[in-house]
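Let's take a walk through a protein together, one feature at a time. Keep the picture beside you as you read.

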Amino acid sequence: MPFRSRERVRTAPPPATPRFLLPSLVLAVLGYQINATMLSPALPDVARRLDTSSSLVGLSQTLFFLLAAVGQVTMARLSDYRGRKPIMLLCGALLILGNLACALAPDISVYLAGRVLQGVSAAMFSLSFLTLNDLLPPVAFGRAAGIISAVNGGFAGVDAIVGGHLADTVGFRAIFLGGLLLSVVGTAAVARYVPAVAPKADGAMDWLGATLLALGLSGVLVGLAQGAGWGWTSAATLGCVLGGLAALTAFVLVQRTRSGSAGDPAALETDGAATDARPAARTTTAVIDIRLLASRRAWPLLLTVTLTLAGAFGALALTIPLFTQDPQAGYGLSATRSALLYATPAAAIGVIGAPLAGYFGPRVGWRRVALVGSAGSLLAFAVAVPFREQSWALFAALAVLGLTYNGLSITALNGFAVVSAPKDQQGALTGLTGACFGIGASLGTALASGLITAARTGGATGSAAYTGAFVAALALLALAMVTALAIKAVPADAGEGARDTERVPAVHL
């Protein structure tokens, strides 16, 4: 019998998590997020104190979310070429300037400029996901991603209530001063504690493609956001939407020439690491390889995000608040009570669901967690639609939606985007995923608003005025379930992360 040594083979321990990495990213994301969640109840105060119209204040919100979508794509992709940390610091600087402009704004024009700068800094969320993926092994990445997703949803719904209280007592400027403090601390923490990792892609940024993509997203989002006010068949709405679609078509054509091949996407249906061939240095490369966009790792993911947000966000942000406060059709609640009963619980439960998604994502696969989230959200609305006149049934359905949509779906879809993209295009797919969150939210609110308005114009009364909006949300979530099933898992997302394999990044201190 051959001799076998009893000595155990020693393996190198996984690299330690950089000190204060996660708290630094949490602060950076929070600095942006409170400008989205805390400000909503303070919008009337903005109009009053700046002596402006509600339409211009509404435009500031449109610009904020529009630039958030554009910033997610542009900044995330730029980080593939320049590194994550420099672009995070750039976003932090823009956020600081935006908070200062809004806090000190003497008029609406300065305020609008500040909101534009804040919107671009939304890329901090995608950049945090990408940074964590660069620096942490898979299981640790999942846990941290769940925490970042929970934070990105706000303070469990309490932030909106605090924002309303600040607006009533001090004024809207207090919200931006708080955001300024957080953005300064968060940017300083990123500068001090987040390691600089070598860029993932060679070549040069495709600024032509990025510009066409930004113009396309801007046209479509502005058209969707303003269509109800301008009229869906007005020249302004049609010009924005059709112009945006034309720019997106031109973007696809440019990307086909930059991608090297416009043909068969099968080469990109293998695992993400296998398609990591890089172009020659300083060659202009595609914002996103069109073959990747055509693969089942990308287009079903982007459609799932868009449809999920259109269904769930449109209902949570518009249909349900209007319905629960309607004295004839709904429950006749006050705005505060409606928020406490039908908004805050879902947000609070989402804070629990996001870390759960982060825990299970690397172990069972991000795609599987996303499928559970989609199925749960569809089930919740399948109950909410026929039983919406029963307050307890709607409350229970929204509690489930808080877990499945706010928690599982958002975290899992973002996590899948990061781990499934080729290493030199992680910023591209992650940024496009982030942009689709904005597109879906705009589409959902515009569709819900249009259906409710059309029903009332057509003479619908009582609960029937909201039937179309509720059914549309259910249909969108059903379509999201179908597209989620079409997402193709890759080996990096097949549960291999449970082994917590060692990842040693090239760190530049």
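Start at Thr319, which sits in helix α13, spanning residues 299–325; helices here are DSSP runs of H or I with at least four residues, strands are runs of E with at least two, and both are numbered from the N terminus. The model you are looking at is predicted, so local features need pLDDT of at least 70 and side-chain atom pairs count only at pLDDT 80 or more, while totals for chains, interfaces and linings use all residues. Residues are numbered from 1 along each chain as its sequence is written, and side-chain values use heavy atoms, leaving out hydrogens and water.

Is Thr319 buried or exposed? With a relative accessible area of 1%, Thr319 is buried. Buried means under 20% relative accessible area, exposed means over 50%, and partly exposed lies in between, using a 1.4 Å probe and protein chains only. Leaving aside residues up to four places away in sequence, Thr319 touches Gly314, Ala448, Ile452, Tyr466, Ala469 and Phe470; a contact means heavy atoms within 4.5 Å.

Two of those neighbours, Tyr466 and Phe470, bring us to the aromatic rings. Ring pairs join Tyr466 and Phe470 with Phe323, Tyr331, Tyr342 and Phe395 in a cluster. Rings of Phe, Tyr and Trp (its six-membered ring) pair if their centres lie within 6.5 Å; planes under 30 degrees apart are stacked, over 60 edge-to-face, and the rest tilted. The structure has 14 aromatic pairs. In one of them, the ring centres of Tyr111 and Phe176 are 5.9 Å apart and the planes meet at 80 degrees, so this pair is edge-to-face. Because Tyr111 lies in helix α5 (residues 108–120) and Phe176 in helix α9 (residues 173–193), the pair ties together parts 65 residues apart in sequence. Tyr111 is buried at 0% relative accessible area, and Phe176 is buried at 0% too.

Now step back to the protein as a whole. It has 19 helices and two strands, and buried residues make up 55% of its 509 residues. Among contacts between residues at least 6 apart in sequence, 84% join residues at least 24 apart.

What about disulfides? A disulfide is a covalent bond between the sulfur atoms of two cysteines. Counting pairs of cysteine sulfur atoms within 2.5 Å, the total is zero disulfides. Cys91 is buried, with a relative accessible area of 0%, and Cys436 is buried at 9%.
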